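Reader: Can you walk me through this structure? I'd like to start with the charged contacts.

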Amino acid sequence: MSHWYQLDADAVARQVNSHLSNGLTTETAQQRLLKDGPNELMAAPGNSSWQVLWAQISEPLVVMLLVAAIISLIVGDLRDAIAILAIVIFNAVLGFRQERKAERAMAALKKLAVPTVRVKRQGNIQECSMESLVRGDLVMLEAGNIVPADGRLIETVNLQVQESALTGESAPIDKQAATVFNEEQSLGDRCNMVYHSTTITRGRGTFLVTETGMGTEIGHIARMLQSVETDATPLQKRLAQLGNVLGVGAVAISLVIATMGLIQGEPLRQMLITAVSVAVAAVPEGLPAVVTIALALGAERMLKRHALIRHLPAVETLGSVTTICSDKTGTLTENRMAVTVLDIAGQQVKIAEDMAVGNQSLSLLLLSGALCNDASLDHNQAIGDPTETALVTVAAQLGLPKRKLDQLWPRIDEVPFDSTRKRMTTYHRCAQPLPTTLQQLWQQSVPINNNSVIFSKGALLSLMPTIDRVWIDNQVQVLNDELRQRIFTAHDRLANQGLRVLALAFRPLSTPPDQLENQLVFLGMMGLMDPARPEVQEAISLCQTAGIQVVMITGDHPLTAQHIAQNLGISSNPLLTGKDLSKMPVNELEAAVSETGVYARVTPEDKLKIVRALQHRGHIVAMTGDGVNDAPALKQADIGVAMGITGTDVAKEAADIVLQDDNFASIVAAVREGRVIYDNIRKFIKYTLAGNVGQLWLLFLAPFLGMPIPLVPIQILWINLIADGLLALALSFEPAERRVMNRPPHRPKESVFSRGMGTDILWIGLLLGLVLILVAHHYWSANNPAWQTMAFTTLAFSRIALSEAVRSSSESLFSIGLLSNKKLLGAVVVTFCLQLLVIYVPACQTFFSTVALSGGEVAIALLLGTISFWAVELKKLYANLSSPKHHQAL
C-alpha cells in the first residue's frame, strides 16, 4: 500500500499490526526481520571475480609480457613462454587475492558505518541498528537524524525535513502528523509522511514504519543513486601517471639494448623478448594495486584505534594534517556529564550521592531541568544528549523521575534548541492531580490555579534577554542591575572552575501564552563537570612534537574553555569568541588563525569560517563535529571527523572519518597511522625503483663492453617476482618508525621523490648497477661458464639486502632490529632459499639457464650483494652524525 498519507494514525497502526503507544514486541520485530529481511538498500553489484581477474591481466605492461610469451611460442621457445605465462598467472592471482582482501576490508568498514536509531518496542525506548527496523516499528526522530525508513508520522513538534534527495526541493518541508488527505498527493506534498534517506533539519517527531529497504521510495530508484566507488585516490593517480612515464622510458631503454644486442649478433627472437622483459621489469606495474592494499589495510588498522574510515582518500590525507580543530565536549573531555553544583540566588549546593532536597527552590530548578529536556531515563538507562541525560539523572537521583514528571506535565509545545539561539523552551500543562510532595512544591512555588508552565534552559547570555524577574526565597523579584550582576558573578565563578554552566528559567501561566520566550523568571544555574580525558594531554603533546597545531573550538563560555585548555596544554592566548569572529574582516581572521588555540561561544557557521581561513593560510585541516549544522564545516575540511557516539547522522554522512569512541586521542592515532602508510608506500617505491634502475644499468652497459646480454628474460622475470612481489609487499607491513611523530607533516601534493628519495633511487641504482656489471665482466672475461649465474645471484642477494636497508630512512637496521618486521624477515629467508634452489636443483637450472656455483662463489655473491646495504647504512649514519640534534647532544 502506498497511500498511507490518506489514513489517520490509528488506521495505519491497525494496517501494520502495531501499537501507537508501545510499538512492536521484541518477538514480533524479530519475526518480521526474518520474514522481510534487513532494512537496507540494494547496492549496485560490484565487480565479479572474473572482472577483477581481467583487470589484473589487462594492464598495459602485463599485456606486453603476454606479447612476449606469444612471440616465444611463435619462435618455438616453449620454455620461456611457459615461464612468462606462469609469472603472469602468479602475479594475477596475487593481485586478485590482495584486491579481494582490500574490498572485503572496506565492505566490513561500511557495515560498521550503519546508523543507529531510537525505537520504541514493548513500551521502552531502545537503540538499534537501522538495518534491524521492520514494518510497524515506532521510531523517534530529532534534528540531525537521517530518516531510516518510510513511515507515517504520528507526532510532530516543529518538524522540518529536507527531502531534496527525493523531490529536488531544496527548502525543508514542514511536517504535520495530524493532517489526513482525502485525495492523492504528490510526494513533496505529503506532509504527514517521512521517507528513507531524507534529513531532519529541525524539531522532533515519531513515525510508524510502513516500508523498509527496497520497498521504500528511495529503494525504487536505488540503482540510479548507488554506484561502486572506483575512483582512484590522488596518490594512486599520481603513481599511475608515474608508472606510465617510467614505462615509456623503459621501452626506450629496452629498444636501445635490443639494438645493441642485434649489432653484436644476438638472435632477433632473444632481443625481442629481452626488450619486452626489460620494459616490464623496469616499471613497478603493481604499484597502484599496492597503494590500494596499503590504504585499505591501513583503514582496517585504524578501526582498531576506533577511527572508522568512510572515504579511502582520507587515509593518505591524514599524513598531511597540519591543524586539528577539535570540539571540547566529548572529544577532549570524557563526555561523562554530571551535575555537581546547583546555584540559586548566588547560593551554591554541591550534589552528593545521599543528599535529599528539602529546599523548594532547588526542587523547582531540578524540575525545570528534567522537563525542558529531550533525554529519556528508563530502568536507570539514560538515552540522549549527554548534557540532558545529566539533568534527568540528577533529578531522578533526588526524587524527581522524568518518566513520572512527563506524565504529570505533558509537553504541549516547544521551541527546540539550536546552536544559534543556544537555548530550549518547553510549554507544559498539568494533566492530573499531583502527588502530595509535588503538590506542596507547586503550592509554595506558584499559585495552584496556574496549571500550565513554561520552562527554559540554555546559555546564560542567551537566556537573559527573555528574563525580567528572578526567583529568590520562593518569591518573585523584579530583575534589576544588582541582581543581574550577582547572577553573572555567580556564573563566572562556576565557569572559572571549568564547569559547563546552564541557566534555567520558568513562567507559570493561567492562559495560553502568545510567546513562549518572554517574561520568564530566572530560577538558577547548574554546573556540570565533564572531566578531561586522561590520555588527551599526552596526545596533544605528541601533536605539538609532530608539528601539528591543536585548536579547541567550543560553544562553552570563554572562562570554561580557558580552564580546560590550560589543563590540557593548549595555548589560550589569544582566545577568540564568536562575537570576535563576527567583527573580523577575512584578512584579519586569516592572520589570526595560525596563532589562536581556543575559540569559545562559536556557532557552526563560525567553524566554517575558521576552516576556510586556515586553508587559505596553507593548512591541511582536520575538523571534528557532531551536529547537523556542523556538516558544512566537515565537508569543507580536508578531513571531516564526526563523533560516533554523540554525532548526528547528518554529521557522520558529511565526514571522512567517524570516531567510534569520540576521543581526541583516536584522531592523533589515525594521523600517526596515516603517516606510517605514506612512509611505507614511499619505501616500496624507493626499494622497487632503486633495484630496477640497477638492473637497467647492468643491461644497458653490458653491450658497450662487448658483452652478451648478462641476464636472460626468465631471470629478469624471476627477480621481478621475488623482489617486486614477496619482498616489496612485505615492506607494506613495516611498523612505525620511532620518529614518525617527531617531524612536520608532509605536503599533500609533494612529489613522491621529494625529501631526497629521488636522489637515493639514482645513486643506489647506479651503485648496484656498477657492482653487477663488474661481477659480470670479471667472470665473463675469465671465460667462466657461471658468469651469468654469478650476475643473476648477486642481483638476487642485492635485492634481498636492500629490502632490509630501506626499512627506515634514518635508523639503522641494527637499531630497529630484524624481528620488528617478521613478515619481511620471513620473505627474506624464503627468497634466499628459493634463489639457492634455482641455482642448484637440476630442473631449475635447465629452466632458469643457471649453473651450480661453488661455495666460494656463493659467498662472493652474498658479500657483493650487501654492498648496497652497507652504503645505505653509512649514508644514514652520516646524516645522523651531521644533524643539528646530534651536535646539541654533544
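Reader: How many salt bridges does a search of the whole structure find?

Author: The search finds 29 salt bridges. Keep in mind that this is a predicted model.

Reader: Take E673. Which residue does E673 form a salt bridge with?

Author: With R301. The closest N and O atoms are 2.8 Å apart.

Reader: Where do E673 and R301 lie?

Author: E673 is in helix α26, and R301 is in helix α11, residues 287-304.

Reader: Is E673 buried or exposed?

Author: E673 counts as buried, because its relative accessibility is 8% and the cut-off for buried is under 20%. R301 counts as partly exposed, at 27%.

Reader: And D679? What does the side chain of D679 meet in a salt bridge?

Author: R743, at 2.6 Å from N to O. D679 is in helix α26, while R743 is in the loop between α27 (713-731) and α28 (757-781). They are 64 residues apart in sequence, so this pair also ties together separate parts.

Reader: What is the relative accessible area of each, D679 and R743?

Author: D679 has 10%, so it is buried. R743 has 22%, so it is partly exposed.

Reader: What about E804? Which residue is its salt-bridge partner?

Author: R807. Their closest N and O atoms are 3.1 Å apart. E804 is buried at 7% relative accessibility. R807 is buried too, with a relative accessible area of 0%.

Reader: Which residues do salt bridges that share partners join into one network?

Author: E155, R204, D374, R411 and E414.

Reader: Switching to rings. How many aromatic pairs does the count come to?

Author: Ten aromatic pairs. One of them is Y5 with F181. The centres are 6.1 Å apart and the planes make 70°, an edge-to-face pair.

Reader: Where are Y5 and F181 in the chain?

Author: Y5 is in the segment before α1 (9-15). F181 is in the loop between β5 and β6.

Reader: Are Y5 and F181 buried or exposed?

Author: Both Y5 and F181 are buried.

Reader: Give me another ring pair. What is the geometry of W697 and F700?

Author: Edge-to-face, with 6.4 Å centre to centre and 75° between the planes.

Reader: Why are W697 and F700 separated by about one helical turn?

Author: Because they are three residues apart in helix α26, which spans residues 664-704.

Reader: What is the relative accessibility of W697 and of F700?

Author: W697 has a relative accessible area of 32%, so it is partly exposed. F700 is at 28%, also partly exposed. Ring pairs link W697 and F700 with F704 into a cluster.

Reader: On to strands. What joins β4 to β7, and how do they run?

Author: Ten bridges join them, and the strands run antiparallel. β4 covers residues 150-162 and β7 covers residues 199-211. R152, for one, has L208 in β7 as its bridge partner.

Reader: How many bridges join β4 to β6?

Author: Two, again antiparallel. β6 is residues 193-194. There, V194 stands opposite G151.

Reader: And β5? In which sense do β4 and β5 pair?

Author: Antiparallel, over two bridges. β5 is residues 173-174. D174 in β5 is the bridge partner of Q160.

Reader: Now the surface. Which residues form a nonpolar patch there?

Author: L73, L78 and I82. Together they have about 290 Å² of accessible area. I82 sits in helix α5, residues 78-112. At 45% relative accessibility, I82 counts as partly exposed.

Reader: Last, the whole chain. How many helices and strands are there?

Author: 35 helices and 26 strands. The chain has 890 residues, and buried ones make up 55%.

Conventions
Residues numbered from 1 in each chain as written. Predicted model: local features only at pLDDT ≥ 70, side-chain atom pairs only at ≥ 80, totals over all residues. Heavy atoms only, no water. Patch = residues over 30% accessible without salt bridge, like charges linked within 9 Å, V, L, I, M, F, W, Y side chains within 5 Å. Areas by Shrake-Rupley, 256 points an atom, 1.4 Å probe, with all protein chains shown as cover. Salt bridge = Lys/Arg side-chain N within 4 Å of Asp/Glu carboxyl O. Helix = DSSP H or I, 4+ residues; strand = E, 2+ residues; numbered from the N terminus. Buried < 20%, exposed > 50% of the residue type's maximum accessible area, 1.4 Å probe, protein only. Pairing = 2+ DSSP bridges. Phe/Tyr/Trp six-rings, centres within 6.5 Å; stacked < 30°, edge-to-face > 60°.
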